[in-house]
Structures are given as structure tokens and as C-alpha cells.
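Hi everyone, thanks for making time today.

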Amino acid sequence: MTERQAEIGTAFVAGRPLEDRQPPEIDTSLPHSARVYDYWLGGKDHFPADRALGEVFEQAIPTMRQMAKENRVFLGRAVRHLVREAGIRQFLDIGTGIPTGGNTHEVAQAEAPESRVVYIDNDPIVLAHARALLVGDERGRTAYIHADLRDPAAILSHPALTGTLDLTQPVALMLVAVLMLVADEDEPHARVAELLDALPSGSHIVVTHPTADFDPETVAGVVAAADQGKLTLVPRSREQVAAFLGDWELLEPGVVPVMAWRPDGEPPADPEAAWYWAGVARKR
Ligand SMILES: C[S@@+](CC[C@H](N)C(=O)[O-])C[C@H]1O[C@@H](n2cnc3c(N)ncnc32)[C@H](O)[C@@H]1O
């Protein structure tokens, strides 16, 4: 880590250096999305309440783990595309999750070491792992901000963001498997529009979002289980997901099942096997 990276990376994590802050409060009594997702991905950062909800999902959707993995594999494909084909070198990854294999900065910096990444999450357990996200290629830079997608102004004006990303140059806004955790009453489309407005021409948005479009009954069942655990989960239709991309130019193949978005190698036999919509768009 360079001196500059250390300064940016640590000085603004939750407003205090990582070394100085108290361990974040982690509530283990209720399931948290980052930890349930970590459970499905085979990670180690989950508690009984997370596993219980994760298992309810798996009973209803036996391929749940595979679906989560497909979402994660898509993240890598999209970042590689943005670096290779679109020349993107700056990423704003909101809803980072607990670090696992193929984090945005690792994929981007493997392609272009100078890539810069700002990570945002609002879960203290992700904050506790922020150090793992701050170790990037010396030629690039990464920062982590403990912040909320529902407050774009706080994100955009945060010194760790403005010190890491140049908002006069194209940025890829990554909203991968996070918007379903924002309730309609929090106006996620308006919040995303605020973020899009702040980015210059040539910027990209990457969205994945779980949907009930392929099996409404089963998804209604797991949404009810999440609700019981006080976890907001809002599956959205293809049209609602496409609306997050605003009037930006939609890249081929459009808003499609996540496995069908520019697959590496052979097209999947059954792209609708993973119930996420995915799309990437570019600001004109
Ligand atoms: C399912 S994980 C997705 C992780 C990663 N983007 C991926 O697709 O592999 C969702 C993450 O979004 C975070 N999150 C949920 N609501 C959020 C909000 N309002 N602001 C910021 N992060 C949020 C959760 O804490 C969790 O870490």
C-alpha cells in the first residue's frame, strides 16, 4: 500500500483511521443480507440467524447458492468488460458485501493496475472487513466508506470519494445485488438517478437485481420469510430494473437474465435458472 493509499484508505473509513475505531456493533440476532449472501457463497462470516434464513431460501429454491454465485461471476465479467472495452478506470461499488474472491478492485486492477475503486456499504460487518478491500495494486487506489445508498449526497461529497475518484472522468457505478434491499418507500429509483446525475459522460452503470418474474409464488414465499426476519427484500420486474438505468444507452444484450449477459464461452443452456436481471448502460 502506498502512503497516499494508506492516507485515503484509512483516514476516512467511518471518519476515523481503522486502527483507532472501536469494533463496529454487529447485531447477530437478526439476519443481515451481507452475511446471508456470504453463507450462500461459502464464506465464514455468518451467524445462526443468517444461516437459518439462508436455509429457508435454499429449501424453497434449491439452486439458491448457484444463483448467488452466478451474480458474483457476472460482477467479474462486467468489470472486465468495462476495463477492456469501455476504458473505465474508476469504480464506485455500492453494496460491496463481505470481501470474497474476485472483488471489484482485484478484477479491475488485474486488467489495469491503475484502476481506482471506492467501496460503499452500510453493514458494520463489511466495515470490519474493510482492510481487505484497501489492499490494492500500488499503482491504483481503493477506499472504503461506511455509508448508505439512500443518501447519495453524503456518498458523493465524502472526502474519501472525492480524494480517490475524479468525478470529471468516467466512473462505473456498480449496484450489484443491492437495490432489492432498498424499500420502495425509500425511493430507490430517485436515489439512483441522483447518483447518475453526478457522473460525467462516458460513465457506466451496472445493475443486477433479483426478480419474481420467473417464479412469482416461490419468490413470494422467501420474501415473506425475509420479512419475518425483518430483512427488506423487494424483487423487481424487468421493467422496474431497466428503469434504474435511466435514459443511458443500454449495452447489448440489454436487461437480461444474469447468466445471459455476455457469458464467457458457450451461452448457458437455461439462462433463466438464476433469477436476477442484469444490465449495463453508458451515459451519452
Ligand atoms: C447481497 S450483498 C451483494 C454484494 C456484492 N455487491 C455482490 O453482488 O457480490 C448486498 C450488500 O449490500 C449492502 N447494503 C444493503 N443495503 C444497503 C444500503 N442502503 N446502503 C449501502 N449498502 C447496502 C449489504 O450490507 C450487503 O453487503
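Which pocket is the space taken by the ligand? That space is the largest pocket. Before I go on, please keep in mind that this is a predicted model.

Let's look at who surrounds the ligand. The shell holds 20 residues, and the closest are Tyr37, Arg72, Gly95, Asp121 and Val176.

Helix 2 is the one that gives the most, with three residues.

In the side chain of Tyr37, an N or O atom is 2.7 Å from an oxygen atom of the ligand. Asn71 also reaches a ligand oxygen, with a polar side-chain atom 2.9 Å away. Val176 uses its backbone instead: a polar backbone atom there is 2.8 Å from a nitrogen atom of the ligand.

How much of the ligand's accessible area does the protein cover? On its own the ligand has 610 Å² of accessible area, and the protein covers 96% of that.

Let's step back to the whole protein. Twelve helices and eight strands make up the list of elements. The radius of gyration is 18 Å, close to the 19 Å that the globule rule gives for 284 residues, so the protein is as compact as a globular protein of that length. Along the principal axes, the C-alpha atoms fill a box of roughly 50 × 45 × 35 Å.

Which peptide bond is cis? The one from Glu252 to Pro253, with omega near 5°. You'll find Pro253 in the loop between strand 6 (249-250) and strand 7 (256-257).

The other detail is Glu187, which has a positive phi of about 55° although it is not a glycine. Glu187 sits in the loop that runs between strand 4 (172-176) and helix 10 (188-197).

Conventions: Residues numbered from 1 in each chain as written. Predicted model: local features only at pLDDT ≥ 70, side-chain atom pairs only at ≥ 80, totals over all residues. Heavy atoms only, no water. Near = heavy atom within 4 Å. Polar contact = N/O pair within 3.5 Å; in protein donor to acceptor, adjacent residues only side chain to side chain. Areas by Shrake-Rupley, 256 points an atom, 1.4 Å probe, with all protein chains shown as cover. 1 Å grid on protein atoms, 1.4 Å probe; cavity = no way out; pocket = protein on both sides within 12 Å on 5 of 7 lines; lining within 4 Å. Sits in = over half its atoms within 2 Å of the grid points. Helix = DSSP H or I, 4+ residues; strand = E, 2+ residues; numbered from the N terminus. Rg over C-alpha atoms; globule rule 2.2 N^0.38 Å.
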